[in-house]
Amino acid sequence: MGVYIRTLIDISRTVAGYKLNLEEFDIADYMGQIEAQANSLCLTKEICLHMETGTDLGTFKADKLLLERAIMNVISNALDYSPPKGTVYIEVQKPDNFLQISIIDEGSGFTPEALHHAQEQFFMGNKSRTSNMHFGMGLYITGSIIKQHNGQLILKNSDKTKGAQVIICVSG
């Protein structure tokens, strides 16, 4: 019940818009913290994490907590859809004045329907996930956070793994 209530609160915050607390931070340090969190989740699911970061990423200005939430939503989805003993790949780059984070899993990828609707409220491509306290809000919330950062959430299937690829691209 508590998870459901928090989800309803998130819906209302998403609709009203999040209040951004922008601060400048070192990208490499920040992604190191994300990697530590993701590694903990990967260990519990016996999934390997492979993270590649570009060189000289420098600093970036964003709401660290909301951006972390968006990234971790995508990583959590990648873990849920990864096969046992699979790998989740995270690639971080900073072309021009953008921070680009690509998260790729080795699952079955997005269906054409999911590619079209995955960022909508309550959409769940895999109906079996309803029993696992999933409400179809993760990518909707992530997309809202990214839009408020003047960014874009790109969904596609990876050429590398044929699994899902979610690219978070925010300007700073």
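This is a predicted model: local features need pLDDT of at least 70, side-chain atom pairs count only at pLDDT 80 or more; totals for chains, interfaces and linings use all residues.
**Exercise 1. Decide whether α5 is largely enclosed or open, and list its buried residues.**

Solution. 
- Step 1. Buried means under 20% relative accessible area, exposed over 50%, partly exposed in between (1.4 Å probe, protein chains only).
- Step 2. Count. Eight of the 11 residues of α5 are buried, so the helix is largely enclosed by the rest of the structure.
- Step 3. Name them. The buried residues are Leu139, Tyr140, Ile141, Thr142, Gly143, Ser144, Ile145 and Ile146.
- Step 4. Place the helix. α5 lies across β6 and β7 and runs at about 135 degrees to β6.

**Exercise 2. Describe how α3 packs against α5.**

Solution. Two packed helices are described by the angle between their axes and the distance between the axes.
- Step 1. Axes are lines fitted to C-alpha atoms, for helices over the stretch in contact, and angles run from 0 to 180 degrees between N-to-C directions.
- Step 2. Read off the values. The axes of α3 (residues 64-81) and α5 (residues 138-148) come within 9 Å and cross at roughly 150 degrees.
- Step 3. Assign the hand. The crossing of α3 past α5 is left-handed. That term applies if the near helix is turned anticlockwise from the far one by less than a right angle; clockwise gives right-handed.
- Step 4. List the contact (heavy atoms within 4.5 Å). α3 supplies Leu66, Leu67, Arg69, Ala70, Asn73, Val74 and Asn77. α5 supplies Gly138, Leu139, Ile141, Thr142, Ile145 and Ile146.
- Step 5. Sort by type. The contact has eight nonpolar residues, four polar and one charged. Here Ala, Val, Leu, Ile, Met, Phe, Trp, Tyr, Cys and Pro count as nonpolar, Asp, Glu, Lys and Arg as charged, and the others, Gly among them, as polar.

**Exercise 3. Give the strand order of the open sheet and trace its pairing.**

Solution. 
- Step 1. State the rule. Two strands pair if DSSP finds at least two bridges between them.
- Step 2. Order the strands. The open sheet has five, in the order β2-β4-β5-β7-β6, with mixed pairing. β2 and β6 are the edge strands, each pairing on one side only. The twist averages 15 degrees from one strand to the next.
- Step 3. Take β2 and β4. They pair in the parallel sense over six bridges. Cysteine 48 has threonine 87 of β4 as its bridge partner.
- Step 4. Move on to β5 (residues 98-104). Five bridges join β4 to β5, and the two run antiparallel. Valine 92 is partnered by isoleucine 101 in β5. The two strands form a hairpin with four residues between them, and aspartate 96 in the turn has a positive phi of about 50 degrees.
- Step 5. Cross to β7. β5 and β7 run antiparallel, joined by seven bridges. Isoleucine 101 stands opposite isoleucine 168 in β7.
- Step 6. Check the cover on β4. Five of its seven residues are buried.

**Exercise 4. How many salt bridges are there, and which parts of the chain do they link?**

Solution. Side chains of opposite charge can pair when their charged atoms come close.
- Step 1. Apply the rule: a side-chain nitrogen of Lys or Arg within 4 Å of a carboxyl oxygen of Asp or Glu. The count comes to three.
- Step 2. Lysine 45 pairs with aspartate 80, with the closest N and O atoms 2.6 Å apart. Lysine 45 lies in α2 (residues 27-45) and aspartate 80 in α3, so the pair ties together parts 35 residues apart in sequence. Lysine 45 is partly exposed at 38% relative accessibility, and aspartate 80 is partly exposed at 27%.
- Step 3. Glutamate 46 meets lysine 85 at 2.8 Å, N to O. Glutamate 46 is in the loop between α2 and β2 (48-53), lysine 85 in the loop between α3 and β4 (87-93), 39 residues apart. Lysine 85 is exposed at 63%.
- Step 4. Glutamate 91 meets lysine 160 at 3.5 Å, N to O. Glutamate 91 is in β4 and lysine 160 in the loop between β6 (152-157) and β7 (164-171), 69 residues apart. Glutamate 91 is partly exposed at 23%, as is lysine 160 at 48%.

Key. Residues are numbered from 1 along each chain as its sequence is written. Side-chain values use heavy atoms; hydrogens and water are left out.
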